[in-house]
Amino acid sequence: MFGGLSCAVCVFSGIVSAGQGGYGAAMKTRAPDLTLADSAEPALDKADVVRFRPHHFLCAIGFEGKGYSGEFTENMTAIVLDRLRAEGGEATQMRVVGQTDDICAPCPKRRGRLCTHQQGISRLDRAHALALKFEPHEELTWGDALERIRENVMPGDLSKLCGSCRWLDYGMCEAALQRLHDGVLD
Ligand code: SF4
């Protein structure tokens with residue numbers, strides 16, 4: 001279960017094989033080492049900064065009120081629906097982090113700063129960080145993040161980018177990505 005922990009300090013530094021979509025040109029490119037840099041993350045977060053690990057930027061556009069537990073869903077609803085998608089939400093300040101984030105906080109799968117499925121989560125984060133060209137501790141607005149997704153992740157890319165994520169087959173993330181490209185994402 002914790003097979004990825006032996007290299008937890010380098011989970012973002014591996015060679016990532018991306019797909020053929022909008023991020024396909026980056027195949028076998030070294031991803032930024034966000035986790036190593038996490039040790040230097042400011043101890044005190046500004047209360048108005050939302051901390052997201054790389055793959056949660058795309059999860060946030062596909063979120064439709066379902067999650068791993070009542071508490072998890074309530075927390076993600078407060079962040080995504082009540083904040084990012086609220087009027088003026090595009091101005092929300094975000095920070096890219098290399099381990100557990102504001103979405104993970106109440107997750108029943110969280111174990112400290114790690115996850116019961118750490119290996120798969122690390123794989124997702126590496127692929128998404130590479131696709132979205134995130135730098136360690138990068139700060140950007142939610143509006144900037146949406147633009148970054150639009151520029152770098154094309155409709156159809158999620159089947160490769162998100163691998164074995166259990167939510168992929170429901171289709172809501174790919175549908176939201178298409179709406180983003182069509183300019184009709186709510
Ligand atoms: S398929 Fe999974 S990892 Fe990909 S955006 Fe959706 S919830 Fe996130």
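Let me start with the sheet: three strands make an open sheet, ordered β3-β4-β7, with mixed pairing. Two strands count as paired if DSSP finds at least two bridges between them. β3 (49–52) and β7 (139–141) are the edge strands, each with a single partner, so one side of each has no neighbour in the sheet. From one strand to the next the twist averages 35°.

Before going on, this is a predicted model: local features need pLDDT of at least 70 and side-chain atom pairs count only at pLDDT 80 or more, while totals for chains, interfaces and linings use all residues. Residues are numbered from 1 along each chain as its sequence is written.

Now the pairings. β3 and β4 run parallel, joined by four bridges, and Val 50 has Met 94 in β4 as its bridge partner. β4 (residues 93–96) pairs with β7 in the antiparallel sense, over three bridges. There, Met 94 stands opposite Leu 140 in β7.

Helix α5 (residues 142–152) packs on the sheet and touches β4 and β7, its direction making about 90° with that of β7. Contact means C-beta atoms, placed from the backbone, within 7 Å. Angles run from 0 to 180 degrees between N-to-C directions, with axes fitted to C-alpha atoms, for helices over the stretch in contact.

Next, the core. The largest nonpolar core has 36 residues, and those with the most contacts inside it are Phe 52, Phe 57, Leu 58, Ala 60 and Ile 149. Such a core is a set of buried Ala, Val, Leu, Ile, Met, Phe, Trp, Tyr and Cys residues joined through C-beta atoms within 7 Å. α4 gives the most to this core, six residues.

Last, the ligand. The residues around the ligand include His 55, Leu 58, Cys 59 and Gly 62; near means a C-beta atom, placed from the backbone, within 6 Å. Helix α2 (residues 56–62) gives the most to this shell, three residues.

Key:
Helix = DSSP H or I, 4+ residues; strand = E, 2+ residues; numbered from the N terminus. Contact = placed C-beta atoms within 7 Å. Buried ≥ 20, exposed ≤ 12 C-beta atoms within 10 Å, placed from the backbone.
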